[in-house]
Amino acid sequence: MSHWETDEQPLIKQAISSVDPTEWQGLVQVLFDQSGSEYTCTGIRPVRITETAFLTKTTGVNWINVLVRKYLGLLDMESLREQLRPAEHKRYSIMTAKFPFKELQSNRQEGTTKQEVGASLSFKNFE
């Protein structure tokens, strides 16, 4: 996404309209395909626990705590919005999926999320 700064708000609105809260609970990832300047929603999938840990570490927001408070009816959305206010980015993070192919003595190199057995997280400062 080369123009994420200008595309961000329309994509957020499109993502919100794509998710039916009666069908989806918790954290979900809304997937888009870009063709030129147009974006098409290609799917919705739940965020796995490894990704939730990654988001917690990256954003500084305890997403498990947020979900528990949501389900208990104790979530203060204004407080959550305050925590999510954009700030100057000083570092970036990378999550790399781990697959058991080597341990299983398999020649496969590529895998799907169904075959994932974990992830490694790395954090680096912008230079």
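Of the contacts in the protein (heavy atoms within 4.5 Å) with a separation of 6 or more, 41% are accounted for by residues 24 or more positions apart. The structure is a predicted model, in which local features need pLDDT of at least 70, side-chain atom pairs count only at pLDDT 80 or more, and totals for chains, interfaces and linings use all residues. Residues are numbered from 1 along each chain as its sequence is written, and side-chain values use heavy atoms, with hydrogens and water left out. The pLDDT, which is the predictor's confidence in each residue from 0 to 100, averages 80 over the protein, and 86% of the residues score at least 70.

The secondary structure consists of 4 helices and 4 strands; these are DSSP runs, numbered from the N terminus, with helices being H or I of at least four residues and strands E of at least two. Along the sequence the pattern is α-β-β-α-α-α-β-β. Among these elements, helix α3 (residues 63-72) has the highest mean pLDDT (90), and strand β4 (residues 118-125) has the lowest (72).

Of the 127 residues in the protein, 15% are buried, where buried means under 20% relative accessible area, exposed over 50%, and partly exposed in between (1.4 Å probe, protein chains only). In α3, the buried residues are W63, V66 and L67. These lie on the same side of α3, because they cover an arc of only 95° around the axis, the arc being that of the directions from the helix axis to the C-beta atoms. The buried residues of α3 pack against α2 (49-59) and α4 (77-83).

T52, located in α2, counts as buried because its relative accessible area is 5%. Apart from its neighbours within four places in sequence, T52 contacts L27, V47, W63 and I64. E51 also belongs to helix α2 and is buried, at 12% relative accessibility. With neighbours within four places in sequence set aside, E51 is in contact with R45, P46 and M95.

I64 lies in helix α3 and is partly exposed, with a relative accessible area of 40%. Together with I49, V68, L72 and L74, I64 forms a nonpolar patch on the surface, with about 510 Å² of accessible area. Accessible areas come from the Shrake-Rupley method with a 1.4 Å probe, and for residues only the protein chains shown count as cover. Helix α3 contributes the largest share of the nonpolar patch, 3 residues.

Methods: Patch = residues over 30% accessible without salt bridge, like charges linked within 9 Å, V, L, I, M, F, W, Y side chains within 5 Å. Salt bridge = Lys/Arg side-chain N within 4 Å of Asp/Glu carboxyl O.
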